[in-house]
Structures are given as structure tokens and as C-alpha cells.
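Reader: I have a model open and I want to learn how to read it. Can you take me through a few features?
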Amino acid sequence: MRRLVFVHGINNESRTREDIAKLWCDALRQSIGSRADPWWGEVEVRTAYYATTLARETSDWDKVETTGTRMSAASPNTDYADQDVAALYLALQRAYGIDDDRVAQELDPGDERAAATRMAAGIHKEWLKAIARTLEKVIPSAADGLARKFLAQAAAYLNKPGVFDQINEMVNEQVFSDLDPLDRTVVVGHSLGTVVSYVLLRRMVRDDKLPVFVTLGSPLGIDIVRNRVGHPRITPPVAARWVNGADPEDFVALQPSLDQVSFGPAEIVNFPNLDNGHEDAHSIERYLAHPEIAEVIYAGLK
């Protein structure tokens, strides 16, 4: 049996599972071309869907008013982010060489207090929001709200109590729990979905292997993401091959190559110079349209 497993990332709450499956399949089908005509109609497509849960958990977290609760950048004005949430924002600020004076320019009127006290009680959420706004102005691929959306949803997934396990288990039940057999099964993760799929595949204990695990636009090279994933940072034993693709202008894929330095000892084949154009460097359709990526998936299916 030929099987495609798709695990989406951030900012998909306006789409249905069916929307995502069609979007990804159409892009991939066009790229692979007619050579798959004899068997494409027999491919089983499994699409994970956790977008509305992640959006709800992010929104609910933002609305909690309890003093001392550690929340995301959109939480109440009394809140100071905990160390891990702040680390996600600060890692990107440092990576792009943005100094504090530039961030301070993005504070809302009256929020100068956040800049003055950010190193006292902790990193104030207004400062984190200013970092996100700065990233959107400085980095083309982070524009149009992507930085705020990615940082808020990634912070909720990684740090809101229970959400990491909740979403991982949800995706496991949807697409991974009964994969049999694994031959001619290709797993494709995009954006935050690369983290979810990596965690789940690394846990899987099987005698057989899936031909290839594909990650596209992955944030696994960001320190706080890598730390949350934990050790061992290896190629999932259940995957015969791990292929990672990134556009170097993709804001989410902070480290286009996942290697010994940026990730760990996993054996990963990297395509770190994919060009998705200037309009949307993080686009899954454009990632799947690259011949290098389509060829890897085709080879795993045929």
C-alpha cells in the first residue's frame, strides 16, 4: 500500500482537514507529473489536524488573568513571560541581529515601562510583542502577522501545560497509531508539524521502516524548540531516511540545515537553498513544488 502522511504547522485554523489534504496533494501531484498516473489514485492520504485545538489553546492561554501565570506575548498586561517563552522570542531577536533600541521603537504608546523593567521581574509580554512586530518589519518572510502567529502558537504548543502532550497524542491517534505496513509510506511535516511528527516518529518502535521522513520549513534548529524535543536528537529509528528542505529566507526555518551543530547527531539529507520566492518563503505548496522534494517523495512511494 502506498501512503502519504501529512502533518501541518501553524496558522491553519481557517482550513479544514480536507482543505489541507487537497492543497498538499495538488501541489505534490503537479510536481511529480504523469509518471505517477498508474498508481496515484490508490495512494492513501492521511492528514493530521490539530489547527483549531492549537488556535483555541493559544487564545485561551492569552485570556487567563491570574496573577503570576506564565503566558504568551498576547497575555494580560500584568504578565511576565517565563524563561522558556521568552527564550523563543529572544532567540529570534538575537539570530537576526536586532538590538533592544530597535525593539523599543515597536512598543505601543505608554508601554515604555515594559522596556524599563524587562530585566527586573522578567521579560514583560509587551516587550515580546514588540519583538514580534520588529521581526515582521525587518524580515520579509515574517511579515503579514506571521511572526506573531508563529511565536504565539509555538509558545503555546511548547510551553502551555499539557498542550505538547495533548497535540502529540491527537496526531498520533489520527495518523500514526496503525501504520501497517510502513513500506511505501512517506511522512511529510511542515513548520510546527515537523516538531510534532519528529517527536512521534522517534517514539515509534517497529521492525520495518518507512522509506523517508520529510521536514519542510522546520523550526527544529531553534534552541528552545530543540531543547523541548530533548534527547536523543537522532534520525527516528523507524525512518530509513530523513530529508529536510528549507528556503534560507524562511523565517520559521531559522537554521535551514539541520546538522550536527544546529540540531544534533541525526543523519539528515539537507536541501537548505530552496527558493520559494519573495511572496511567501514558508509556503508548503512551494516547498512541495521543488523537484528535489517531489523526487524524494515519489521515490518513497513508488
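Reader: Is the crossing of helix 8 and helix 9 left-handed or right-handed?

Author: A crossing is left-handed if the near helix is turned anticlockwise from the far one by less than a right angle, and right-handed if clockwise. Helix 8 and helix 9 cross in the right-handed sense. Helices here are DSSP runs of H or I with at least four residues, strands are runs of E with at least two, and both are numbered from the N terminus. One caution: this is a predicted model, where local features need pLDDT of at least 70, side-chain atom pairs count only at pLDDT 80 or more, and totals for chains, interfaces and linings use all residues. Residues are numbered from 1 along each chain as its sequence is written, and side-chain values use heavy atoms, with hydrogens and water left out.

Reader: At what angle do the axes of helix 8 and helix 9 cross?

Author: Two packed helices are described by the angle between their axes and the distance between the axes. The axes are lines fitted to C-alpha atoms, for helices over the stretch in contact, and angles run from 0 to 180 degrees between N-to-C directions. Helix 8 spans residues 163–176 and helix 9 spans residues 192–203; their axes cross at roughly 70° and come within 10 Å. That makes helix 8 roughly perpendicular to helix 9. The cut-offs: under 35 degrees is roughly parallel, over 145 roughly antiparallel, 65 to 115 roughly perpendicular, and the rest oblique.

Reader: Which residues in helix 8 and helix 9 meet?

Author: Contact means heavy atoms within 4.5 Å. From helix 8 come Phe164, Asp165, Ile167, Asn168, Glu169, Val171, Asn172 and Phe176; from helix 9, Val196, Ser197, Val199, Leu200, Leu201 and Arg203. They divide into eight nonpolar, three polar and three charged. Ala, Val, Leu, Ile, Met, Phe, Trp, Tyr, Cys and Pro count as nonpolar, Asp, Glu, Lys and Arg as charged, and the others, Gly among them, as polar.

Reader: Now another pair. At what angle do helix 6 and helix 7 pack?

Author: Take helix 6 at residues 125–138 and helix 7 at residues 146–159: the angle is about 140°, and the axes are 8 Å apart. That makes helix 6 oblique to helix 7. Their crossing is right-handed. Helix 6 brings Ala132, Arg133, Leu135 and Glu136 to the contact, and helix 7 brings Leu146, Ala147, Arg148 and Leu151. Of these residues, five are nonpolar, none polar and three charged.

Reader: How many salt bridges does the structure hold?

Author: A salt bridge is a side-chain nitrogen of Lys or Arg within 4 Å of a carboxyl oxygen of Asp or Glu. The structure holds 19. One joins Glu136 and Arg148, at 2.5 Å from N to O. Glu136 lies in helix 6 and Arg148 in helix 7, so this pair ties together parts twelve residues apart in sequence.

Reader: Which residue forms a salt bridge with Lys149?

Author: Glu13 does, with the closest N and O atoms 2.7 Å apart. Lys149 is in helix 7, and Glu13 is in the loop between strand 1 (3–7) and helix 1 (17–32), so the bridge ties together parts 136 residues apart in sequence. Lys149 counts as partly exposed at 28%. Glu13 also counts as partly exposed, at 24%.

Reader: How many residues apart in helix 10 are Arg226 and Asp223?

Author: Three, which puts about one helical turn between them in helix 10 (residues 223–229). Arg226 is buried at 12%, whereas Asp223 is partly exposed at 42%. Salt bridges can also share partners: Arg3, Glu44, Arg46 and Asp178 are joined into one network that way.

Reader: Where does Ile98 lie?

Author: Ile98 is in the loop between helix 3 (83–95) and helix 4 (100–104). At 9%, Ile98 counts as buried. Setting aside neighbours within four places in sequence, Ile98 contacts Gln93, Val103, Thr134, Leu135 and Val138.

Notes. Buried < 20%, exposed > 50% of the residue type's maximum accessible area, 1.4 Å probe, protein only.
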